[in-house]
Amino acid sequence: MLIGELSRRSGASERLLRYYERMELIHSARRANGYREYDDQTVETVRRIRALLAAGLPTRVIRQVLPCTFDKATLRPCPGVLTSLRDQLNALDQRAADLETARRLLRQTIAATENAPH
């Protein structure tokens with residue numbers, strides 16, 4: 001199938017599909033006219049990529065994890081994958097803690113400003 005059909009079937013824009021290909025998350029064959037041609041399995045691969053992105057994984061981790069997926073959210077044991085997922089979870093936990101600190105400080109600033117003499 002051509003990129004337009006893949007876009008329609010997967011829900012991802014053609015631009016996003018080209019990005020996934022540059023990141024080596026999906027692959028295409030080239031026709032004689034230079035058009036990209038994808039196999040039917042690529043639709044499911046794109047859906048898996050989108051699910052992994054929604055889970056907060058960056059493309060560099062998805063590249064490692066993707067060969068170990070066999071449906072949207074299930075992984076086979078592959079070397080290093082569990083470590084990468086735990087590292088990503090720790091990074092998300094740290095970002096959440098940093099955001100909570102920023103929220104607390106912003107609330108304090110707002111409260112101090114509201115209570116300041118005019």
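E37 is partly exposed, at a relative accessible area of 32% (partly exposed lies between buried, under 20%, and exposed, over 50%, with a 1.4 Å probe and protein chains only). Welcome to a predicted model, in which local features need pLDDT of at least 70, side-chain atom pairs count only at pLDDT 80 or more, and totals for chains, interfaces and linings use all residues. Residues are numbered from 1 along each chain as its sequence is written, and side-chain values use heavy atoms, leaving out hydrogens and water.

**Salt bridges**
- The structure holds eight salt bridges (a side-chain nitrogen of Lys or Arg within 4 Å of a carboxyl oxygen of Asp or Glu).
- E37 pairs with R31 at 3.1 Å, N to O, and R31 is partly exposed at 35%.
- E14 and R18 meet at 3.4 Å, N to O; both belong to helix 2, four residues apart (helices are DSSP runs of H or I, at least four residues, numbered from the N terminus).
- E100 and R103 form a salt bridge at 3.5 Å, N to O, and sit three residues apart in helix 5 (residues 81-115), about one helical turn.
- Shared partners link E44, R47 and R48 into one salt-bridge network.

**Nonpolar core**
- The largest nonpolar core has 20 residues, and L6 and Y20 are among those touching the most other members (such a core joins buried Ala, Val, Leu, Ile, Met, Phe, Trp, Tyr and Cys residues through side-chain atoms within 4.5 Å).
- Helix 3 supplies its largest share, four residues.
- Beyond four places in sequence, the contacts of L6 include M1, L17, Y38 and V46 (contact means heavy atoms within 4.5 Å).

Definitions and conventions
Helices (H or I, at least four residues) and strands (E, at least two) are DSSP runs, numbered from the N terminus.
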